[in-house]
Amino acid sequence: MDVYIEYVVIDNLVINGLLLWAAGLTAKVKLNAWKVLSSAGVGTVFACLMPLVSLPSLVLALIKLALAPLLAFLAFWPLKARKLMWSTFIFAAYTFVLGGAIVALIYLGLDMTVEKAAVYYNAKVPVGAFLGGIAASGFLLKSLVDYINFQRKIRPLLKKVRLEAGGKEVFLGGFADSGNSLTVNGLPVCFVSGKAAAKLVREEIAGAVLGGEKICKGDYMTVAGVSSFKGIEKDIEIDGKPVRVILAPSKVRSKNYDIILNGILGENNED
C-alpha cells in the first residue's frame with residue numbers, strides 16, 4: 001500500500017489542530033494558536049513515524065492513547081492537573097467521535113483500510129483539506145456575525161475621550177457601559193483601563209495623596225464579588241463635550257476601548 005506523506009501531514013496537522021482547539025473551547029481553556037499548532041505538529045510527527053516501525057497493533061494503539069495527554073499538555077499548559085485531565089478527556093472523546101465519522105465515510109464508499117491501528121484511504125484530496133475548508137468557512141462566518149453584532153450593538157457606545165493626566169494630554173477610546181452606574185457625590189465614575197493611561201491616573205492619585213488632597217474611594221460589585229477603587233475628580237471631554245467625572249484606574253483590558261465610561265454619559269452624549 002502506498003502512503004503519501006503529504007496526506008499524512010495535512011490530515012494529522014489539520015485534524016489534530018481542530019480537535020485540540022475544539023477541546024480547549026469546550027474546557028474553557030485559554031488558547032494559544034502557536035501552542036495548539038505545535039502540539040498538532042508533534043502528533044503529526046508520530047503519525048509519520050507509525051508506518052515506519054514494526055510493532056504489534058496493540059502497542060501502537062497504546063502509544064496513541066498515551067499521546068492524547070501529551071498533546072493536551074503541550075497545547076494547553078500551564079494547567080492544573082484536574083483541568084488537564086478534563087481537557088484530555090474531551091480531546092479523546094472528540095477523537096473517538098471523529099473515529100465514528102470515519103467509519104461512516106467507509107460505509108459511504110470512501111476507499112479506506114485499517115492497518116496496525118492506523119487508517120489509510122485513497123482519495124484525490126486529503127480528508128484534512130475538506131475539514132480545514134469547513135472549519136475556515138465556519139470561522140469566517142462567525143467572524144462576520146461578530147463584526148455585524150459589534151457594529152450594531154457596540155459601535156454606537158464607543159466615544160472619543162480627551163483628558164489630562166500627569167501633565168500630559170491623553171486621547172482615549174471610551175465605552176459607555178450600561179452596567180456601570182456607579183457615582184460618588186453625584187459624579188459618574190469612569191474606569192481607565194488602557195495600561196499607559198491607567199498608570200498616569202494612578203500616579204496622579206498617588207501625588208494627590210502625598211499632597212494631602214482629598215481623593216474618592218468606594219466599593220462596587222463585580223461578577224467576582226465586591227471590589228474597591230480609588231479615584232480623583234477630573235474634567236474630561238467626551239466627543240468634544242466637557243464633563244466632570246471621577247477617574248479610577250482599572251486592570252481590565254480591551255482591544256476596543258481604553259476607558260469604561262459611566263453608562264449615563266453615553267445617554268447624555270446621544271442627546
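**Salt bridges, strands and a surface patch**

Me: What percentage of the 271 residues in the protein is buried?
Reply: Buried residues make up 33% of the 271. A residue counts as buried under 20% relative accessible area, as exposed over 50%, and as partly exposed in between (1.4 Å probe, protein chains only). Keep in mind that this is a predicted model, where local features need pLDDT of at least 70 and side-chain atom pairs pLDDT 80 or more, while totals for chains, interfaces and linings use all residues. Numbering starts from 1 along each chain as its sequence is written, and side-chain values use heavy atoms, with hydrogens and water left out.

Me: What makes up the secondary structure here?
Reply: There are 7 helices and 10 strands. Helices are DSSP runs of H or I with at least four residues, strands are runs of E with at least two, and both are numbered from the N terminus.

Me: Why is the link between Glu-169 and Arg-162 called a salt bridge?
Reply: The rule asks for a side-chain nitrogen of Lys or Arg within 4 Å of a carboxyl oxygen of Asp or Glu. The closest N and O atoms of Glu-169 and Arg-162 are 3.0 Å apart, so the pair qualifies. The protein has 6 salt bridges by this rule.

Me: Which other residue does Arg-162 form a salt bridge with?
Reply: That's Glu-237, with the closest N and O atoms 3.3 Å apart. Arg-162 is in strand β3 (residues 158–165) and Glu-237 in strand β8 (residues 225–238), so the pair ties together parts 75 residues apart in sequence. Arg-162, Glu-164, Glu-169 and Glu-237 are linked in a network of salt bridges.

Me: Are Arg-162 and Glu-169 buried, exposed or partly exposed, and what makes them so?
Reply: Arg-162 has 21% relative accessibility, so it counts as partly exposed. Glu-169, with 48%, is partly exposed.

Me: What about the side chains of Glu-204 and Lys-234?
Reply: They meet in a salt bridge, 2.8 Å from N to O. Glu-204 sits in helix α6 (residues 195–210) and Lys-234 in strand β8, 30 residues apart. Glu-204 is partly exposed at 22%, whereas Lys-234 counts as buried because its relative accessibility is 15%.

Me: How do you know that β3 and β4 pair?
Reply: Two strands pair if DSSP finds at least two bridges between them. β3 and strand β4 (residues 168–177) have 8 bridges, in the antiparallel sense, so they pass. Glu-164 has Glu-169 as its bridge partner in β4. In the hairpin of β3 and β4, with 2 residues between the strands, Gly-166 takes a positive phi near 60°.

Me: How many bridges join β3 to β8?
Reply: 2 bridges join these antiparallel strands. Val-161 stands opposite Ile-238 in β8.

Me: Which residues make the nonpolar surface patch, and what makes it a patch?
Reply: Val-9, Leu-13, Trp-34 and Leu-37 make it, and it covers about 390 Å². Patch residues have over 30% relative accessible area and no salt bridge; like charges are joined within 9 Å, nonpolar side chains (Val, Leu, Ile, Met, Phe, Trp, Tyr) within 5 Å. α1 (5–26) and α2 (33–49) each supply at least two of the residues. Trp-34 lies in helix α2.

Me: Why is Trp-34 called exposed?
Reply: Its relative accessible area is 65%, so it counts as exposed.

Note on methods
Accessible areas come from the Shrake-Rupley method with a 1.4 Å probe; for residues, only the protein chains shown count as cover.
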